[in-house]
Amino acid sequence: MWNKMHVWLGMAIMMMGASLAQAADTLPGDPAAGEAKAGLCGGCHGFDGNSEDATFPRLAGQYAEYIAKQIRDFQRGLRTNNETMAGMAAMVESEQDARDIGSYFQKQKMAKAPLTAADKKLVEKGEKIFYQGNPKANVYACVNCHGERGRGKAPNVAVFPVIGGQHRDYLLKQLNNFRAGERSNDPAGMMSDIAKSLSEDEMQAVVAYLSSLL
Ligand code: HEC
Ligand code: HEC
C-alpha cells in the first residue's frame with residue numbers, strides 16, 4: 001500500500017507539471033472576468049457557489065484549477081457521470097473562461113448554512129475513517145490527500161479537491177460512481193481504488209462527517 005501511495009503521488013505531481021506546461025499560453029484565472037461568465041452556472045450551483053440542492057455540488061471555495069480540470073474532463077468525455085453537466089461544460093468556450101470561472105468560485109466563501117442533519121455517532125465514525133483510514137482494508141486516510149477537515153491542501157496542489165462542507169448526497173454519489181467505474185477521471189485511479197475498499201457503512205459515515213464540516 002505504501003509503495004502504491006508513492007506511485008500515486010509521483011504521478012499526481014507529474015500530471016500537475018504537465019497541466020501547467022500545457023496551459024503556458026493561458027493566463028491565470030481572473031475572478032472579476034469570471035463573475036460574468038459564471039452567470040450560466042449560478043442557476044444550479046448558486047450564484048455564490050453555495051447551491052441549496054445536493055444534486056449540485058457547492059463550488060464556493062473550491063480550487064480554481066480543480067474546477068477547470070472538471071470542466072475539461074466533462075468536455076473531453078473523461079468524466080462521464082452526468083450528462084446535464086457535460087452539456088453545460090460544452091458551453092464553456094475556452095480554457096481561459098474555465099479558469100476565470102474557477103477563480104471566481106474559489107474566491108467565494110462557503111456558506112455556514114446547515115446542510116443535512118447528521119447522526120452524531122455516524123459523524124464520529126466518519127471522522128475516524130477520514131483521519132485514520134482503515135489499514136485492514138487498505139483504505140488510506142483521506143486527510144493525507146484532502147487536508148485537515150477536508151479543506152484541501154493548497155490552491156497550487158489542486159489535484160486534491162476541497163471536500164469538507166460539501167453536500168452529503170453529492171459526495172456519496174461520487175464515491176459510488178468511483179467504485180462502479182462510472183467516474184474514472186481521477187489521476188492514477190487513486191480515488192477508485194479507495195472507493196472500492198470502503199464498505200457501504202464506511203461511505204455513509206465518512207460523507208456524514210464531511211458534510212457536517214461547515
Ligand atoms: C442545469 C444544472 C447545471 C448547470 C447550469 C451547471 N452545472 Fe455544473 N454540475 C451539475 C451537476 C448535476 C453536477 C454534478 C455531477 C455529478 O453528479 O457528478 C455538476 C458538477 C459540476 C462540477 C464538478 C464539481 C466537483 O466537485 O467535482 C463543476 C466544476 C461544475 N459543475 C461546474 C459548472 C460550471 C462552471 C457551470 C457553468 C458554466 C455549471 N457547472 C453549470 C449541474 C449543472
Ligand atoms: C491518494 C490521495 C487520495 C486519498 C487518500 C483520498 N482521495 Fe479523494 N480524491 C483524490 C483526488 C486526486 C480526487 C480528484 C479526482 C479528479 O481529478 O477528478 C479526489 C476526489 C474525491 C471526491 C470527489 C470530490 C468532488 O468534488 O467531486 C470525493 C468525494 C473524495 N475524493 C472522497 C475521499 C474520501 C472519503 C477519502 C478517504 C476514505 C479520500 N477521498 C481519499 C485523492 C485522494
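Two residues are taken to be in contact if their C-beta atoms, placed from the backbone, lie within 7 Å. The views below come from a predicted model, in which local features need pLDDT of at least 70 and side-chain atom pairs count only at pLDDT 80 or more, whereas totals for chains, interfaces and linings use all residues. Residues are numbered from 1 along each chain as its sequence is written, and chains are lettered from A and ligands numbered from 1 in the order in which they are written.

**View 1. Contact of helix α9 with helix α11.** R168, L171, L172 and L175 of α9 meet M203, V207, A208, L210 and S211 of α11. By class, this contact has 7 nonpolar, 1 polar and 1 charged residues (Ala, Val, Leu, Ile, Met, Phe, Trp, Tyr, Cys and Pro count as nonpolar, Asp, Glu, Lys and Arg as charged, and the others, Gly among them, as polar). The axes of α9 (residues 168–180) and α11 (residues 200–211) come within 9 Å and cross at roughly 140°, which makes α9 oblique to α11. Helices (H or I, at least four residues) are DSSP runs, as are strands (E, at least two), and they are numbered from the N terminus. Axes are lines fitted to C-alpha atoms, for helices over the stretch in contact, and angles run from 0 to 180 degrees between N-to-C directions; angles under 35 degrees count as roughly parallel, over 145 as roughly antiparallel, 65 to 115 as roughly perpendicular and the rest as oblique. The crossing of α9 and α11 is right-handed, a crossing being right-handed if the near helix is turned clockwise from the far one by less than a right angle, and left-handed if anticlockwise.

**View 2. Contact of α9 with α10.** The axes of α9 and α10 come within 8 Å and cross at roughly 100°, so α9 is roughly perpendicular to α10. L175, F178 and R179 of α9 make the contact with M191, S192, A195 and K196 of α10, and these residues divide into 4 nonpolar, 1 polar and 2 charged.

**View 3. Contact of α4 with helix α6.** The axes of α4 and α6 (residues 95–107) come within 7 Å and cross at roughly 135°, and the two helices are therefore oblique to each other. The crossing in which α4 passes α6 is right-handed. From α4, A64, E65, I67, A68, I71 and R72 meet A98, R99, I101, G102, S103, F105 and Q106 of α6, a contact with 7 nonpolar, 3 polar and 3 charged residues.

**View 4. Surroundings of ligand 1.** Of the 20 residues that surround ligand 1, the closest are C41, C44, N82, M85 and M88 (a residue is near a molecule or strand if its C-beta atom, placed from the backbone, lies within 6 Å of it). Two or more residues of this shell come from each of α3 (39–45), α4 (64–75) and α5 (83–89), and α3 gives the most, with 5 residues. The shell around ligand 1 divides into 12 nonpolar, 7 polar and 1 charged residues.

View 5. Among the 25 residues around ligand 2, C142, C145, Q174, D186 and M190 come nearest. At least two residues of the shell are supplied by each of α8 (143–146), α9 and α10 (190–197), and the shell divides into 19 nonpolar, 4 polar and 2 charged residues. Ligand 2 lies between domain 1 (2–107) and domain 2 (120–211), because both give residues to its shell; the domain bounds come from an automatic or database domain assignment.
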